[in-house]
Amino acid sequence: MEVPLRRIALCLTLGLAGLQSAVLPLAAQMAPQTDGYVAVGSLNMESTFLLWVDAYKAKRPSFRIELQPAVASIVVKSLLEGKAHLAPMNREMNAEEVAACTAKWGYAPTRIAVAMDALVVIVNKSNPLKEIKIEQLDAMYSSTRLQGWPKNIATWGDLGISGGNWAARPILRLGRPDGSGLRAFFRESVEMGGKAKEDNKRGVDAMSMVEEIISNQAAIGYGGLGEVFASTRAVSIIPKGGKTAVEPTPAAVVDGSYPLSMVLYIYVNKAPGKNLDPGLADFLRFILSKDGQKQVKANGLVPLPDDLIAMNLRRIGK
């Protein structure tokens with residue numbers, strides 16, 4: 001799925017420099033706000049969240065919320081410490097993170113599903129690679145090869161690419177920064193918790209990865225659906241043990257046939273039996289409305305099925 005290059009402007013602020021120190025302290029009790037809210041969210045959810053905010057403010061001009069992009073580990077910490085009202089995340093909180101919130105608050109955070117996404121393998125549009133097995137992707141990025149591929153993959157020839165100088169050309173492997181949700185998802189779903197190769201290159205943000213792939217045909221990386229631009233291409237994935245490659249189309253993401261599908265969430269601190277701040281609750285309902293889900297689609301992501309929307313509206317409450 002391609003996204004026009006003009007959308008690069010939406011992501012130019014994704015750099016990590018200074019983001020961790022930009023989180024502003026809030027009152028511990030998160031009382032109803034008169035001076036705006038704060039959201040600390042996963043980096044690759046920034047452009048979608050800003051679309052939600054712009055569309056919602058067209059209906060509620062007085063609504064104000066500051067978004068501070070950060071890696072997922074900082075997002076969780078900000079919610080836990082009361083520095084964020086909303087915590088948009090591109091992965092689920094792990095057991096340790098939920099336990100930390102429960103220990104501090106006396107209850108677990110509330111998780112609201114807001115969109116569907118997929119981890120996609122991204123190459124230059126001129127790269128000849130059309131499909132890749134999950135096992136090969138693991139053998140490319142990890143030294144342990146727990147998916148079972150029999151040998152290391154270091155060159156494009158190891159993937160069966162020939163012609164020109166491709167067979168002997170080294171693969172430039174681009175990863176994600178430590179603490180990011182996409183890195184955690186890749187480590188769990190592709191590397192199976194194995195050891196990543198030490199010479200994998202990790203950019204500071206999504207745009208540094210995209211820029212390197214655009215300028216280098218031998219580069220490969222991974223990101224969300226919204227990070228595939230006009231000069232790059234998503235590679236179809238062959239599920240483990242399968243024979244047929246699956247494209248990351250909206251239908252394949254929703255029905256789960258694409259093997260690296262995932263759900264995007266917004267976490268909130270909502271005590272059992274208590275209502276959310278009315279302003280936050282109304283904004284979350286908008287995100288799950290038809291207008292809110294249109295913004296999801298406009299940003300290259302996949303809207304939630306109706307049954308998931310109904311389930312998550314109940315989680316928001318009154």
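N312 is buried, with a relative accessible area of 1% (buried means under 20% relative accessible area, exposed over 50% and partly exposed in between, with a 1.4 Å probe and protein chains only). The model is predicted: local features need pLDDT of at least 70 and side-chain atom pairs count only at pLDDT 80 or more, while totals for chains, interfaces and linings use all residues. Residues are numbered from 1 along each chain as its sequence is written, and side-chain values use heavy atoms, with hydrogens and water left out.

**Chain overview**
- The chain has 11 helices and 11 strands (DSSP runs numbered from the N terminus: helices are H or I with at least four residues, strands are E with at least two).
- Of its 318 residues, 52% count as buried.
- Among contacts between residues at least 6 apart in sequence, 77% join residues at least 24 apart (contact means heavy atoms within 4.5 Å).

**N312**
- N312 sits in helix 11, residues 306-316.
- With neighbours within four places in sequence left aside, N312 is in contact with R111, I112, A113 and L288.

**Y267**
- Y267 belongs to strand 11, residues 261-268, and counts as buried at 4% relative accessibility.
- Not counting residues up to four places away in sequence, Y267 touches L79, H85, L86, A87, M89, R91, E92, M93, P109, T110 and R111.
- A polar atom of the Y267 side chain lies 2.9 Å from the backbone nitrogen of M93 (a polar contact is a pair of N or O atoms within 3.5 Å; within protein, one must be able to donate a hydrogen and the other to accept it, and residues adjacent in sequence count only if both atoms are side-chain atoms).
- H85 is 182 residues from Y267 along the chain, and their C-alpha atoms are separated by 8.8 Å.

**T155**
- T155 is placed in the loop between helix 5 (134-141) and strand 7 (172-175).
- Its side chain has a polar atom 3.3 Å from the backbone oxygen of A167.
- Leaving aside neighbours within four places in sequence, T155 contacts A167, A168, R169, P170 and I171.

**Helix pairs**
- The axes of helix 3 (residues 72-80) and helix 4 (residues 95-105) come within 10 Å and cross at roughly 10° (axes are lines fitted to C-alpha atoms, for helices over the stretch in contact, and angles run from 0 to 180 degrees between N-to-C directions).
- Helix 3 and helix 4 are therefore roughly parallel to each other (angles under 35 degrees count as roughly parallel, over 145 as roughly antiparallel, 65 to 115 as roughly perpendicular and the rest as oblique).
- V76, L79 and L80 of helix 3 meet E97, A100, C101, K104 and W105 of helix 4.
- Helix 2 (residues 46-59) and helix 9 (residues 278-287) pack at about 110°, with axes 10 Å apart, which makes helix 2 roughly perpendicular to helix 9.
- This contact involves F49, W52, V53, A55, Y56 and K59 of helix 2 and G279, D282, F283, F286 and I287 of helix 9.

- The buried residues of helix 7 (residues 206-215) are A206, M207, M209, V210 and I213.
- Down the axis of helix 7, its buried residues fall within an arc of 155°, so they line one face of the helix (the arc is that of the directions from the helix axis to the C-beta atoms).
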